[in-house]
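Please keep the sequence and the coordinates in view while reading.

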Amino acid sequence: MSGRQSGSFLDNDSTLRRHIVKLEGMEGFGKALVVAGVALAVVGALLWSGFGKGWLGRLPGDIHIERGSWGFFFPVVTCILISIVLTILLNIFRR
């Protein structure tokens with residue numbers, strides 16, 4: 001016998017590689033969570049400071065209907081703009 005225990009993750013190289021890949025995947029996931037958290041904090045700080053107060057949500061194409069005491073607001077163009085910016089940023093960070 002070789003002295004290794006049967007069933008341990010060191011039995012063969014392929015099993016060891018699978019465990020290493022799992023750890024690398026979790027490290028990448030952790031990094032992604034940190035980047036997402038920092039980005040969310042930066043966006044939150046910008047919005048809290050008043051960035052975009054005059055134009056964000058009031059772009060041409062945003063739907064705003066008021067009838068008496070009832071109102072409906074849906075920022076279509078603002079959502080599209082935010083989607084485009086986030087898509088570009090995520091594609092930059094993915095590479």
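**Layout, hairpin and pocket**

From the N terminus on, the elements of the protein follow the order α-β-β-α, which amounts to two helices and two strands. The model is a predicted one. Of its 95 residues, 7% count as buried. The protein exposes about 8,500 Å², and carbon and sulfur atoms supply 69% of that area. Among contacts between residues at least 6 apart in sequence, 3% join residues at least 24 apart.

The two strands may be taken next. Strand 1 (residues 63-67) and strand 2 (residues 70-74) run antiparallel and are joined by five bridges. Within this pairing, Glu66 stands opposite Gly71 of strand 2. The hairpin has two residues between the strands, and Gly68 takes a positive phi near 65° there. Is strand 1 buried or largely in the open? Buried here means under 20% relative accessible area; the number of buried residues among the five of strand 1 is zero, so the strand lies largely in the open.

Helix 1 (13-49) and helix 2 (76-94) each supply at least two lining residues; the largest share, nine residues, comes from helix 1. By class, the lining has 19 nonpolar residues, one charged residue and no polar ones.

Conventions: Residues numbered from 1 in each chain as written. Predicted model: local features only at pLDDT ≥ 70, side-chain atom pairs only at ≥ 80, totals over all residues. Heavy atoms only, no water. Helix = DSSP H or I, 4+ residues; strand = E, 2+ residues; numbered from the N terminus. Nonpolar A, V, L, I, M, F, W, Y, C, P; charged D, E, K, R; others polar. Buried < 20%, exposed > 50% of the residue type's maximum accessible area, 1.4 Å probe, protein only. Pairing = 2+ DSSP bridges. Contact = heavy atoms within 4.5 Å. Areas by Shrake-Rupley, 256 points an atom, 1.4 Å probe, with all protein chains shown as cover.
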